[in-house]
Amino acid sequence: MSYYDTLIFDLSTHARKGYTLPKRTFKRQALPTHLLREDCPGLPEVSEVEVVRHYTNVSMKNFGIETGMYPLGSCTMKYNPKINQDLANLPSFSALHPYQPTRTVQGMLKLLDDLQSYLSEISGLARYTLNSYAGAHGELIGLMIMKRYFESRGEHHRVNIIVPDAAHGTNPASAVVAGFKVIEVPSEKDGSVSVEVLKGVVDENLAGIMLTNPNTLGMFEKDILNVAELIHDHGGLLYYDGANLNPILGKVRPGDMGFDIMHINLHKTFSTPHGGGGPGSGPVGVAEHLVPFLPKPLIKKVDNTYHIERDNETTLGQISHFYGNVGVAMKAYTYILSNGKEHLPEVAKFAVLNANYVKESLKDLFELPVEGVCKHEFVFNGLKDKSTGVTTLDVAKRLLDFGVHPPTIYFPLLYKEALMIEPVETESKQTLDRFIEVMRVIAKEAKETPEVVKGAPHNTIVKRLDEALAARQPVVKYTDIPK
Amino acid sequence: MKTPKGLYYAETHEWVKVEDGFGYVGISDYAQHSLGEVVYVELPEENDHVTKDTEFGAVESVKAASDLMAPVSGVVVAINDDLEDSPELINEDPYENWMIKVELEDPSEIERLMNAEEYSAFCEE
Amino acid sequence: MFKYLPHTKEDIEAMLKTIGVDSIEALYQDVPKSLKHHDLSLPSSHSELELYEHFQALANDIDVLKPVIGMGAYDHYTPSIIRHIIERQEFLTSYTPYQPEISQGTLQYIFEFQSMISQLTGMEIANASLYDGATATAEAMFMICAIRKKQRILVSNTINPNIISVLKTYAHYKGITIDLLDHHEGVSSLEALKAHFTDEHAGLIVQSPNVFGLIEDYAGFKDVLEEKQGLFVINQDPSTLAHLKTPSAWGADVAVGEAQSLGLPLQFGGPYIGYLASKKAYVRKMPGRICGMTKDSEGKRAFVLTFQAREQHIRRDKANSNICSNQSLLALFVTIYLATMGKKGLYEAAQLSMDAAYTLHDRLLELPIFEPVFSGQPFFKEFTLKSTLPVNMVQEALEAHGYLGPYDLHEMGLGDGSWVSFAMTEKRTEEDVETIIKALEALV
């Protein structure tokens with residue numbers, strides 16, 4: 001990585017061009033002046049080579065999965081296969097307008113419908129929509145399905161959604177946007193929800209509960225069947241946040257656990273690139289009795305022909321302009337076919353093996369609040385030796401100096417110094433061993449030279465940032481920069 | 001942690017200073033310390049009515065946000081404009097920099113707040 | 001062994017030994033037996049060669065048509081360099097830039113994206129980014145309702161019906177009421193606005209160019225809204241903004257739209273990218289990620305995500321939106337597109353699209369099978385006509401020559417079954433126009 005401090009606007013020189021366009025003989029059209037802008041937008045004027053070199057230099061200020069290990073908890077930063085990209089870029093698919101008649105796009109629709117079926121088989125839910133653009137969008141759509149279901153039954157009073165305090169922040173935010181009220185319940189020490197605690201909050205206003213399993217501490221909710229029974233007995237529905245699906249692929253299915261609705265993060269479990277924060281894809285699956293409420297439009301197969309159903313009476317409504325992030329869905333589809341039924345279960349097993357291996361190799365130096373086997377990830381509560389004053393933030397920043405992306409920090413909120421590690425299955429034992437060694441070096445430094453850790457990072461292209469300055473004196477565009 | 005005497009404190013960490021039937025409201029040293037560097041203070045407008053134990057604004061730091069709860073009820077007769085451009089004043093001196101001035105509606109509300117000693121003990125719990 | 005899974009037999013044994021269990025299966029001991037699933041019913045593992053063969057077979061069942069329609073997805077040209085740059089692994093594979101020291105690349109292009117959206121719309125602050133133009137409009141609706149603390153808005157019925165449909169869904173669940181504003185000759189009407197905008201409304205949402213392709217004239221709108229503290233949201237195709245008066249110049253409080261028209265491939269409807277920009281005063285009610293400039297501890301210029309205390313991961317159930325990061329790589333796409341095209345290229349591409357559209361429009365009207373629908377407002381690159389022949393006959397005649405179009409507006413509930421929509425871009429040539437006209441002359 002290398003520092004580069006030029007903005008594209010700094011390179012702009014009057015009359016320079018980075019594009020070519022054809023000359024056409026069409027008559028030049030002029031619009032009435034009262035509809036026209038009076039100034040020119042201040043876009044840069046740069047040559048093609050300047051654009052390419054600029055963004056290449058900008059890219060070198062970033063750390064990617066191919067740079068080094070990326071054990072970011074809850075994010076499943078696995079290798080993103082190149083073949084996925086190449087196939088999604090094929091012009092037969094990428095040049096398709098979304099309003100092509102269905103008979104001209106049967107191959108595209110078959111791919112999408114097959115992906116929907118594969119996700120059903122993997123998760124044990126009856127049907128999927130690919131329209132939701134991201135995990136958070138999937139949550140919102142899932143909750144709208146829940147709302148629509150209760151509306152259809154005339155149960156308008158069911159507005160309470162139970163969310164454990166260890167849940168991702170999106171869970172309560174999505175519930176409120178979908179018009180629900182959030183009932184937060186405390187988690188147990190191992191991040192699980194207790195049936196006893198739930199009994200205290202289920203009543204006639206219960207709409208449902210949002211859970212992830214394995215939970216945010218990477219532990220499998222052993223009581224899940226009892227939780228499901230309790231919620232169902234009280235007329236509620238169970239929502240599964242699919243963020244942690246990777247370690248149970250082919251081993252156990254949310255549908256079989258009793259979940260009625262779930263979303264899957266294709267950009268986690270199914271290897272599509274995170275892109276620096278999107279595009280992702282968050283397909284939503286539902287049990288049979290909720291299929292009528294799926295959003296429109298809906299891709300479906302009838303008598304060996306693929307259709308796009310644009311409307312029906314029971315749908316929750318429309319939540320995307322077209323059919324979701326199709327290009328992302330194609331990559332996940334490729335990943336499923338590459339692995340096939342033989343290797344998908346191995347993905348889960350090796351993710352779990354890697355996590356347990358790292359956990360057991362470091363728990364003498366880092367505080368492990370919950371003993372026992374974990375799934376794909378686990379949480380340390382900072383260094384075991386608290387006398388050094390070295391925090392989880394310091395450890396994370398020191399990892400940067402060793403060329404390792406830090407784990408997720410200060411989440412879940414259950415532990416003050418939470419350090420959440422998800423090593424993922426695509427990392428080899430050698431890579432894990434190097435990570436373990438680096439973590440041990442940092443623990444040693446914390447004891448012997450704590451100032452080195454507290455002052456980290458030392459080797460990065462920029463050091464710790466003044467975040468308060470950014471918020472107090474906002475500079476959010478080029479023209480805001482003081483000259 | 002500073003907890004000046006003569007002020008009244010709420011469990012939600014706001015303080016009130018009473019002068020001539022008006023209450024000046026701010027947040028405590030404990031509160032500003034827990035939040036960290038304050039980057040934004042959202043206040044009501046003059047002539048808005050605030051009600052005891054309900055939200056009247058919010059204070060944001062880089063990575064946290066906290067609602068401000070009114071320790072007393074009444075009409076807001078003044079707000080501290082300085083905080084708009086210099087939210088860091090809250091960190092520098094949380095007691096000098098009040099947020100709103102309220103015309104006290106029910107002076108008995110004050111009696112239900114904590115004094116400095118009680119509040120110090122409350123924060124240590 | 002499989003290419004994405006590096007574990008050898010020896011590795012597995014050594015790792016199990018460290019963990020202190022004798023099999024990987026033992027790591028699933030906490031899963032109730034009754035829940036264990038066996039044998040996924042999925043296709044077998046495909047080699048790369050088989051994947052290419054498989055995709056070729058799927059492609060054999062696809063006819064790629066040349067679009068002469070838009071309706072929210074436009075077939076613009078993509079400069080070659082973009083694909084190469086966005087597929088650099090540093091951009092493609094990284095996570096949301098939560099660790100700014102090693103994410104300055106992502107943060108810098110977000111800053112450049114915000115700067116460019118701001119230049120196009122004239123607005124003070126832009127986020128990065130939203131899922132698509134339709135959901136961006138829904139987020140703008142949440143935003144103005146939160147600012148004004150009102151639960152009712154007015155929406156022009158010249159907005160693309162798919163966007164209105166998404167607005168209605170989001171509004172229904174959040175408890176917001178939508179009233180529709182009627183149009184006059186295909187454009188939002190000032191008279192109707194005066195008659196229907198009330199104190200109860202948080203604001204007005206309009207689109208330009210609208211679903212009929214017409215450029216709307218908002219002279220006088222802002223005054224009517226201001227009288228009742230109404231906020232003004234304009235949804236605008238950003239590719240028209242090198243020419244057209246900006247949302248800011250019309251007095252918009254929030255500008256939103258679909259940025260697919262900035263060179264993004266059609267990709268059967270996604271991924272695309274929505275943008276949202278507003279006045280600085282409303283930043284705390286804005287959804288999504290915002291990047292700001294700051295300094296590091298040594299005084300070096302650097303970028304960081306800012307105003308995070310608005311967002312769901314901190315506000316949880318008090319957040320105004322549940323949006324997290326999204327479409328970031330498309331923000332990079334758009335940034336490179338706008339850098340490559342520059343102010344002149346963006347203007348020129350839009351001008352070529354408009355010239356092609358007006359030429360086709362005039363030539364179609366010379367045929368006895370088309371009539372104008374609206375009179376008055378000019379269009380940009382998309383236009384609506386009335387067909388005197390059954391619409392499917394027209395569509396089939398063009399499809400026989402490899403074209404997609406025109407769009408039957410009745411499918412969206414617009415018009416009487418005879419209204420059709422065409423759109424042109426800089427990719428459509430003189431020859432395209434001739435072929436289309438000849439194909440339709442044969443129907444006369």
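Between chain C and chain A, 163 residues of chain C are in contact with 164 residues of chain A, where contact means that C-beta atoms, placed from the backbone, lie within 7 Å. This is a predicted model: local features need pLDDT of at least 70, side-chain atom pairs count only at pLDDT 80 or more, and totals for chains, interfaces and linings use all residues. Residues are numbered from 1 along each chain as its sequence is written, while chains are lettered from A and ligands numbered from 1 in the order in which they are written.

On the side of chain C that touches chain A, α12(C) gives the most, with 21 residues; helices here are DSSP runs of H or I with at least four residues, strands are runs of E with at least two, and both are numbered from the N terminus. That side has 78 nonpolar, 54 polar and 31 charged residues. Nonpolar covers Ala, Val, Leu, Ile, Met, Phe, Trp, Tyr, Cys and Pro, charged covers Asp, Glu, Lys and Arg, and the others, Gly among them, are polar.

Within chain C, an automatic or database assignment sets the domain bounds: domain 1 is 66-75 + 342-441 and domain 2 is 80-336. In all, 25 residues of domain 1 of chain C are in contact with 23 residues of domain 2 of chain C. Here too α12(C) gives the most to the domain 1 side, with four residues.

Methods:
Contact = placed C-beta atoms within 7 Å.
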